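Hi,

Here's the structure I promised to pass on. Have a look at it first, then read my notes below.

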Amino acid sequence: MSEQLPVAPVTMKDFTTENKPDWCPGCGDFGILNSLKKALVDMQKQPHEVTVIAGIGCSSKLPHWLNAYGFHTLHGRALPIATAARLANTKNDVIVISGDGDGYGIGVGHLVHAARRNVNITMLAHNNQIYGLTTGQASPTTDLGHKTKTTPKGNFEAPLNPMTLAIACGAGMVARSSAGDPKHLTETIKEAMQYKGFALIDILQPCVTFNKINTYAWYKDQAVKLPADWDPTNKAKAFEMALKWGHNDIALGTLYKDTKLPTLEDAYPWLVEKPLIHHDLRVDVTKSLHTYL
Ligand SMILES: Cc1ncc(C[n+]2csc(CCOP(=O)(O)OP(=O)(O)O)c2C)c(N)n1
Ligand code: SF4
Ligand SMILES: [Mg+2]
């Protein structure tokens with residue numbers, strides 16, 4: 001019998017790359033990367049057990065600086081690729097990294113379908129309410145009246161509410177956290193990764209260079225933690241809470257969670273049994289097509 005080699009405990013160093021992030025000093029993305037690493041270490045995940053799929057944006061550069069499997073895809077297209085990655089190997093934890101432009105703008109159609117399919121992945125939406133990478137244009141979550149490069153007289157388009165959208169589309173878990181509260185964010189990421197289904201974490205993330213309104217101080221002043229006795233299974237109450245935005249009204253925590261909702265992979269038990277690569281996918285032309293359906 002072969003002897004099992006002892007496995008050394010996973011540390012932050014195991015998830016740290018040689019290259020350092022090129023985000024602006026003080027950017028909220030640093031706090032999100034650190035909280036993600038801490039969550040993975042707390043859960044004692046091995047780097048090879050984790051796949052991080054990102055779109056395009058400052059936030060979406062994160063996979064370059066996390067020592068795990070990673071794919072920096074196309075603007076708005078992380079979710080379909082993440083869905084495929086998860087179905088191809090359900091033993092792998094799949095995390096999506098997205099921005100408010102990437103995930104709630106160009107990629108919002110994919111959010112709708114990932115939510116309704118309840119794909120077993122965790123989406124971290126770095127919501128800085130601006131297009132950071134392209135130097136400060138209004139995004140779908142830019143507040144009304146906010147003056148940006150594309151809204152010089154102030155934004156007159158009502159912002160999209162990602163929380164109500166995700167709940168309405170059938171997401172299994174919908175939470176909000178903050179890059180400025182690493183402890184809360186780490187715990188929320190762990191909860192989302194342990195959740196069996198689609199978990200969206202909308203993360204308040206200051207862009208210190210191009211958003212001078214929604215700063216660390218602004219979010220700290222506006223955000224408030226959900227009460228300790230909050231019941232996340234009450235969908236109507238979660239929706240009501242998700243509608244709120246403003247002073248002492250931006251709720252941090254898990255607004256909604258349905259632990260009984262079937263996930264997409266529940267419909268494909270043969271994929272859960274073993275990864276796609278270990279299946280015999282050869283097609284026998286003598287058999288009727290119906291044999292394969
Ligand atoms: C198809 C396509 N359209 C537009 C762009 C230009 N572009 C790159 S990132 C970006 C927006 C980034 O904003 P966000 O997703 O909020 O990420 P952040 O930089 O704020 O983290 C845009 C419009 C692109 N790369 N590809
Ligand atoms: S432009 Fe904004 S979002 Fe991008 S790295 Fe700088 S501070 Fe962060
Ligand atoms: Mg953004």
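How many nonpolar, polar and charged residues does the shell around ligand 1 have? By class, there are six nonpolar, ten polar and two charged ones. (Ala, Val, Leu, Ile, Met, Phe, Trp, Tyr, Cys and Pro count as nonpolar, Asp, Glu, Lys and Arg as charged, and the others, Gly among them, as polar.)

Before going on: this is a predicted model, where local features need pLDDT of at least 70, side-chain atom pairs count only at pLDDT 80 or more, and totals for chains, interfaces and linings use all residues. Residues are numbered from 1 along each chain as its sequence is written, while chains are lettered from A and ligands numbered from 1 in the order in which they are written.

Back to ligand 1: of the 18 residues around it (C-beta atom, placed from the backbone, within 6 Å), G57, G99, G101, D102 and G132 come nearest. Helix α3 (residues 100-106) gives the most to this shell, with three residues. (Helices are DSSP runs of H or I, at least four residues, numbered from the N terminus.)

Now ligand 2. The residues around it include W23, C24, C27, C58 and G132. Its shell divides into eight nonpolar, three polar and one charged.

Last, two helices: α1 (residues 28-42) and α6 (residues 182-194) pack at an angle of about 55 degrees, with axes 8 Å apart. (Axes are lines fitted to C-alpha atoms over the stretch in contact, and angles run from 0 to 180 degrees between N-to-C directions.) That makes α1 oblique to α6, since angles under 35 degrees count as roughly parallel, over 145 as roughly antiparallel, 65 to 115 as roughly perpendicular and the rest as oblique.

Cheers
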